[in-house]
Amino acid sequence: MTAPVYRLPIGVECSSKNGKVRVSGSNGTVVFNSVSNLYRKGNMVIFLPYLTPYYSSIFRQAVQGVVLGYTIELSLKGIGYRVREEDKKLIFSLGYSKPVILNMPDDISVKFNKKTFSLLSANYGVLQNFATTIRSYRFPDSYKASGVLYIGEIVICKEGKKT
C-alpha cells in the first residue's frame, strides 16, 4: 500500500510540531491536533502514520480555507432584529428584553449589510460552530419564518389556528 501524498498549493506552508499540524496561507492559519508526523519534500506532504479519513478531511478543509477562505451568510428576519459589532463582540437585538452579547473567536471576521451579515474565516470548524451558536439564540419560527436564517434557507410555514 502506498502512502497518500498531499500536494500543497503555492503560498501554503505546512508544519507539524508536538502533535499539532499548522497550515498557513494568505487567508490565515489553521491549527489542528494529529497523531501523525508530517514529512515534506517541496510541495508534497506525507503523513506517517497515515491520516484517518476524519483527519484527512480536516487537513483538506484547512488547506482550502487558507487558500480561498470560508464564508457563511446569515440573515436576520423579524421586526427589530439587529446586529452590531463592538470590541470583538457581536451584540444582537433578537426580541428579548436584553441584548445577546457574543464574544467573537479570533479567527472570524464579520461583514455587515442591513439585515444580513457574513462570517469569514479560514477555519471551517470554528466558523460552523460559531454560526450554529448564533442561530441557537433565535431559530427560525415555523409560523412566521422569523429568526436567524442562512441565506437561501427556505422555511415552510405551518398553517395558523383555524377559527
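A residue is called buried under 20% relative accessible area, exposed over 50%, and partly exposed in between, using a 1.4 Å probe and protein chains only. By that definition, both Phe 47 and Phe 59 are buried.

Some housekeeping. This is a predicted model, in which local features need pLDDT of at least 70 and side-chain atom pairs count only at pLDDT 80 or more, while totals for chains, interfaces and linings use all residues. Residues are numbered from 1 along each chain as its sequence is written, and side-chain values use heavy atoms, with hydrogens and water left out.

Now the rings. Rings of Phe, Tyr and Trp (its six-membered ring) pair if their centres lie within 6.5 Å; planes under 30 degrees apart are stacked, over 60 edge-to-face, and the rest tilted. The whole structure has 7 aromatic pairs. One of them is Phe 47 with Phe 59, edge-to-face, at 5.0 Å centre to centre and 80° between the planes. This pair links distant parts of the chain, 12 residues apart: Phe 47 sits in strand S6 (residues 44–48) and Phe 59 in helix H1 (residues 53–67). Helices (H or I, at least four residues) and strands (E, at least two) are DSSP runs, numbered from the N terminus. Phe 112 and Phe 117 have ring centres 6.5 Å apart and planes at 35°, so that pair is tilted. Phe 117 is buried at 1% relative accessibility, whereas Phe 112 is partly exposed at 32%.

Two strands pair if DSSP finds at least two bridges between them. An open sheet is formed by 4 strands in the order S11-S12-S7-S13, with antiparallel pairing. Which strands are at the edges? They are S11 (109–112) and S13, each pairing on one side only. On average, neighbouring strands of this sheet are turned by 25° against each other, direction ignored. Axes here are lines fitted to C-alpha atoms, for helices over the stretch in contact, and angles run from 0 to 180 degrees between N-to-C directions.

Within the sheet, S7 (residues 70–77) and S12 (residues 116–121) pair in the antiparallel sense over 6 bridges. Glu 73 has Ser 118 in S12 as its bridge partner. Helix H2 packs on the sheet and touches S7, S12 and S13, its direction making about 5° with that of S7. Touching, or contact, means heavy atoms within 4.5 Å.

That leaves the serines. Ser 118 is buried, at 14% relative accessible area. Beyond four places in sequence, Ser 118 touches Thr 71, Ile 72, Glu 73, Ser 109, Val 110 and Lys 111.

Ser 142 and Ser 146 are elsewhere. Ser 146 lies in the loop between H2 (124–136) and S13 (147–150), and Ser 142 lies in the loop between H2 and S13 as well. Is Ser 146 buried or exposed? At 14% relative accessibility, Ser 146 is buried. Its contacts beyond four places in sequence include Lys 77, Tyr 81 and Phe 139. Ser 142 is partly exposed at 24%. Leaving aside neighbours within four places, Ser 142 contacts Ile 156, Cys 157 and Lys 158. The C-alpha atoms of Ser 142 and Lys 158 are separated by 6.0 Å, at 16 residues apart along the chain.
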